[in-house]
Amino acid sequence: MSSRRSRGGVSEEEINELISRLQTLLPSARRRGASQASTTKLLKETCSYIKSLHREVDDLSDRLSDLMASMDQNSPGAEIIRSLLR
């Protein structure tokens, strides 16, 4: 079946390659080293990792908003922050 196309036009070989690449991106998968996790476990870890990144971005955004609200908007520090966000 690896030579046939599955639904959506992606071959089993391409899916395996994508799963392998995904494994190299996840911190938990990298710590495990060469041991292979099931695809299901890997996808669950991926979802969990993405959710944690979203929470981190939300937290940093809140902290940045608080920082900007407490600063004089004409200060050099506020200008630096604005330039970084552009």
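The model is predicted, so local features require pLDDT of at least 70 and side-chain atom pairs pLDDT 80 or more, while totals for chains, interfaces and linings use all residues. Residues are numbered from 1 along each chain as its sequence is written, and side-chain values use heavy atoms, without hydrogens or water.

Across the chain, buried residues make up 16% of the 86 residues. The secondary structure comprises 4 helices and 0 strands, where helices are DSSP runs of H or I with at least four residues and strands are runs of E with at least two, numbered from the N terminus. Along the sequence the pattern is α-α-α-α.

The 32 residues of H3 should span 46 Å at 1.5 Å a residue, and the 46 Å between its end C-alpha atoms agrees with this; the expected span is 1.5 Å times one less than the number of residues.

H3 also packs against H4, with axes fitted to C-alpha atoms over the stretch in contact and the angle, on a scale from 0 to 180 degrees, taken between N-to-C directions.

| Helix | Residues | Contact residues (heavy atoms within 4.5 Å) |
|---|---|---|
| H3 | 39–70 | Leu64, Leu67, Met68 |
| H4 | 76–85 | Ala78, Ile81, Arg82, Leu85 |

The angle is about 145° and the axes lie 10 Å apart. By class, this contact has 6 nonpolar, no polar and 1 charged residues.

Leaving aside residues up to four places away in sequence, Ile19 touches Thr39, Leu42 and Leu43.

Of the contacts in the chain with a separation of 6 or more, 6% involve residues 24 or more positions apart.

Notes. Ala, Val, Leu, Ile, Met, Phe, Trp, Tyr, Cys and Pro count as nonpolar, Asp, Glu, Lys and Arg as charged, and the others, Gly among them, as polar. Buried means under 20% relative accessible area, exposed over 50%, partly exposed in between (1.4 Å probe, protein chains only).
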